[in-house]
Structures are given as structure tokens and as C-alpha cells.
Amino acid sequence: LGMRNHTMVTELILLGIPETEGLETALLFLFSSFYLCTLLGNVLILTAIISSTRLHTPMYFFLGNLSIFDLGFSSTTIPKMLLCLSGDSHAISYAGCVSQLFFYHFLGCTECFLYTVTACDRFVAICFPLRYMVIMNHRVCFMLATGTWMSGCVHAMILTSLTFQLPYCGSHKVGYYFCDIPTVLPLACKDTSLAQRVGFTNVGLLALICFFLILVSYTCIRISISKIRSAGDRQRAFSTCSAHLTAILCAYGPVIINYLQPNPSALLGAIIQILNNLVTPMLNPLIYSLRNKDVKSALRNVFPKKNFALGNK
């Protein structure tokens, strides 16, 4: 009888980034710039990888996948946040909220798996250089990439079904700028302890396990690098690994901190999420590829007129 007095929620209101009243215009300009850089950088990486046969290698295959996921991951939450900052409606449909949560965890989980696969690729390339192309053949790369997609999809389906199998009624205000498990569950009419435990543990432990596997891979890589006699080859291998580790720390750090802290601060949580949703996808092209000579060469071939103009200068 008590449930009949509630109106089932069909639309939710996103309250936006906590504790940022009066800063909407500045944040809109800042985040719009970041988002445009994210789109441009990752599109350039994809263009270079697709257009250049020299980049049709396992490493760039996985980096191309990472660029696709960076484009999708940032586009899951940032456009709606920018609309809210611009003064547009803060409303999001119930179905839109479900979709946002699903794709956020689907793409986020897939990225975690991709970082792990990329670390394994670097491990094989440095520790077994003569057998690298045999081990990481096209079939293996395709299976690994498909596995990351499928695993991320299953992970997101579990979290989304656990979250939205609960009845939502009464309050329809989400105290955040997008729909995520910690902000949606408080609106449920029933006990949410199971969904909270599974969601927080699943996301946090998954990130920790993948991060541990990455650390093991890079520990083995570090040992192999120390055995390289040529100083130039040793420096080149170390430079590649340090760039990968930087990107991994930027991606995994916010996830682990945000989901494993018992009583997170609203502002701190928002900053961590923005770092994960916007800043990391923007930095990945710079960290991974745009400083790479092969990528620069491929981009010059794609834009010959620009290259010619620069050459004349």
C-alpha cells in the first residue's frame, strides 16, 4: 500500500558538479576545450593508424582500440555535462540514465582490460622480441580485442541490471553531473546494500586486479630492459614503457580512489571523475602516440599540404 502512494520515476534531474555555483561559464569554456582536444587527438591517432601500413602492428592496433574507447568514454558523460553548464535543461530520461550508466561502465571496464592487454603486448615485444610477431599474430590480437569488448559488456550488464532492477520512486534528483551507481542508488525505494557491495567491490577489485597484472608485466619488462647492452636500445625501451605507465596511472588511479573510499567527498569525487572521464582521454594521444615519430610521419602523409606549408616556412 505504501508503494502505491509513490510515483514511479520517468525522468531524473542532474544537479551538476557539486560546489561549483557561479563557475558555470568558466567550467564550460575549460571543459569544452578539453573535450575538443580529446576528439581531435584521438581522431588524428585513428587516422594515422588506419592510413599508414607501417602502423599496422599489434601495438598500434590496441592503441587504435584505445582511441575508439576514449572517444566513446568521454562522449558518454561530457556532452550532457556541457549542456547543463550552458544553462540547458538538467533533465535526463530514465532510459537515458540507464544507457549512460551502462555505456560508462562498459567503456570504462573495456579500457581497463585494454590497458592490461597493452601491457602484455609490451611484455612480449621487449622480453621476446624475436618471437613477437609470431606470438602476437593477427588472430591473437583479434581475440584479445574481442575479449575486451565482450568482457566489458558483460561487466556493464551485471552492474546495470543490479542497479535498475530496484524500484525508483519519489525523489528524482541525482546529485551529480551524470548517472553512476553511487549517485543513482540513493534514489531507490528498497534496500540497496547488495547492489552497493557488488558494484563497489566489482569495479574496485577489477581495477586492482588489472593494475596488479600490469605491474607484474612491467616488472618483468624492467628486468629485461636492465639486461639490454645497448644504451640507446635500453633508453628507447624505457621511454616507451614509462609513457604507457603514465597513462595507466592516470586511468587506474581515479577509479581505485573513487570506488574504494568508504565516505567520499562530493567535490573530490567529482574532480576524480572528471580526471577519469575527460582529462585522461585527452592526454592519452599525447602520452602514447603523438610524440611518436612513426605517427608524426603518418600524419604528414595524410596532410601533405600542411606539411608542405610548414616545410616552406
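This is a predicted model, in which local features need pLDDT of at least 70, side-chain atom pairs count only at pLDDT 80 or more, and totals for chains, interfaces and linings use all residues. Residues are numbered from 1 along each chain as its sequence is written, and side-chain values use heavy atoms, with hydrogens and water left out.

**Helix α5**

- Helices (H or I, at least four residues) and strands (E, at least two) are DSSP runs, numbered from the N terminus.
- Helix α5 covers residues 138–164, and at 1.5 Å a residue its 27 residues should span 39 Å. The expected span is 1.5 Å times one less than the number of residues. The end C-alpha atoms of α5 are 39 Å apart, which agrees.
- The N-terminal end of α5 is capped by N137, which has a side-chain oxygen 3.0 Å from the backbone nitrogen of R139.
- Several residues of α5 are buried, including C141, A145, T148, G152 and H155. Buried means under 20% relative accessible area, exposed over 50%, and partly exposed in between (1.4 Å probe, protein chains only).

**Cysteines**

- A disulfide is a pair of cysteine sulfur atoms within 2.5 Å, and by this rule the count comes to 1 disulfide.
- C97 and C179 form a disulfide, with their sulfur atoms 2.1 Å apart. This pair links distant parts of the chain: C97 sits in helix α3 and C179 in the loop between β3 (173–174) and α6, 82 residues apart.
- Why is the disulfide of C97 and C179 left-handed? The torsion about its S-S bond is about -120 degrees, so the disulfide is left-handed.
- Are C97 and C179 buried or exposed? Both C97 and C179 are buried.
- C153 is in no disulfide, and the nearest cysteine sulfur, that of C109, is 10.0 Å away. C153 counts as partly exposed because its relative accessibility is 24%.

**Aromatic rings**

- Rings of Phe, Tyr and Trp (its six-membered ring) pair if their centres lie within 6.5 Å; planes under 30 degrees apart count as stacked, over 60 as edge-to-face and the rest as tilted.
- By this rule the count comes to 15 aromatic pairs.
- The rings of Y176 and F178 have centres 5.5 Å apart and planes at 45 degrees, so this pair is tilted. Y176 and F178 are both buried.
- F69, F102, F103, F106 and W149 are linked into a cluster by ring pairs.

Conventions. A polar contact is a pair of N or O atoms within 3.5 Å; within protein, one must be able to donate a hydrogen and the other to accept it, and residues adjacent in sequence count only if both atoms are side-chain atoms.
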